[in-house]
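Hi everyone, thanks for coming.

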Amino acid sequence: MRQRAMIAMAISTNPSLLIADEPTTALDVIVQAQIMRLFEKLKNELGLSVILITHDISVAMEIADKIGVMYAGQLVEFASSYEIYKDPLHPYTKGLMEAVPNIEFTDMKLHYIPGDPPDLTNLPKGCRFAPRCKEKMSICEREEPPELVLGNRMVRCFLYG
C-alpha cells in the first residue's frame, strides 16, 4: 500500500517522467506484479515515461522498452529490452540474465556471478568488471573499455570492435 501511495503522490502533479527507485523491493511476487501492471497502465493511459531503477533485471524486462545496465557506477550496456533478452552482449549483462530463475526447466541450475563488486573508492585498473569476468582478456586489466555503438545498442567491452 505504501508503494501505491508514493506512486499516487508522484503522479499527482501530472509529470511527464516518473523515476522509480527499487519500487518492488521487499514486495512479494503478487504485489510486484500489481505494481508493474500499474506502471504499464500509467505509461499507456497518461503517456508517462518511467525510469525504473532496479537490481532485478526480470522486473526491468517486464516494463522497460530500453534497458541500461550499470556496473560499479558505469553504463556497460544499453539496448532495447528485446535485444538484451535475446542477445546480451556485456559479460555482466549475460551473468544477470543467467541468474534469472526459469521455472520451465525442472533440472535448472541456478547461476550466479562469482566474486564481489569492487570498492567504489578504489576501482580496479581497466575494466571495472574484469576481476569477475569469465571472458576477460589481458587488455581488460590494463585499459578501460570505450563505449562502442553497434546499431541501436551500446556496449563497453573489448569483446566487440
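A word on the source before we start. This is a predicted model, in which local features need pLDDT of at least 70 and side-chain atom pairs count only at pLDDT 80 or more, while totals for chains, interfaces and linings use all residues. Residues are numbered from 1 along each chain as its sequence is written, and side-chain values use heavy atoms, with hydrogens and water left out.

Let's begin with the layout. The protein has five helices and six strands; these are DSSP runs numbered from the N terminus, with helices (H or I) of at least four residues and strands (E) of at least two. The C-alpha trace spans about 50 × 40 × 35 Å along its principal axes. Of the 161 residues, 33% count as buried, where buried means under 20% relative accessible area, exposed over 50%, and partly exposed in between, using a 1.4 Å probe and protein chains only. As for contacts (heavy atoms within 4.5 Å), among those between residues at least 6 apart in sequence, 44% join residues at least 24 apart.

Now to the inside. A nonpolar core here is a set of buried Ala, Val, Leu, Ile, Met, Phe, Trp, Tyr and Cys residues joined through side-chain atoms within 4.5 Å. Which residues touch the most other members of the largest one? In this core of 20 residues they are Met61, Ile67, Val69, Tyr71, Ile84, Tyr92 and Phe129. Helix H3 (57-63), strand S3 (66-71), strand S4 (74-80) and helix H5 (91-98) each give two or more residues to this core. Take Ile67 as an example: leaving out residues up to four places away in sequence, Ile67 touches Ala60, Met61, Glu77, Phe78, Ala79, Ser81 and Ile84. A separate core of 10 residues includes Ile7, Leu18, Ala20 and Leu48.

On to the aromatic rings. Rings of Phe, Tyr and Trp (its six-membered ring) pair if their centres lie within 6.5 Å; planes under 30 degrees apart count as stacked, over 60 as edge-to-face and the rest as tilted. That gives three aromatic pairs. In one of them, Tyr71 and Phe129 have ring centres 5.0 Å apart and planes at 80°, so they sit edge-to-face. Tyr71 lies in S3 and Phe129 in the loop between H5 and strand S5 (148-150), so the pair ties together parts that are 58 residues apart in sequence. Both Tyr71 and Phe129 are buried, and together with Tyr92 they form one aromatic cluster.

Next, the spaces. They are found on a 1 Å grid over the protein atoms alone: a cavity is a set of points where a 1.4 Å probe fits but cannot get out, a pocket is an open set with protein on both sides within 12 Å along at least five of seven lines, and lining residues have an atom within 4 Å of a point. Grid points are joined across faces, edges and corners, and a volume is the space filled by probe spheres set on the points.

How much space lies in the largest pocket? About 990 Å³. It has 36 lining residues, and Leu52, Thr54, Gly68, Val69 and Met70 are the closest to its centre. S3 supplies the largest share of that lining, six residues.

Of its 13 lining residues, Pro91, Cys127, Cys133, Cys140 and Cys157 are the closest to the centre.

Finally, some single residues. Thr121, in the loop between H5 and S5, is exposed, with a relative accessible area of 74%. Arg156, in the segment after strand S6 (153-155), counts as buried at 12% relative accessibility. Ala72, in the loop between S3 and S4, has a positive phi near 50° and is buried, at 16% relative accessibility.
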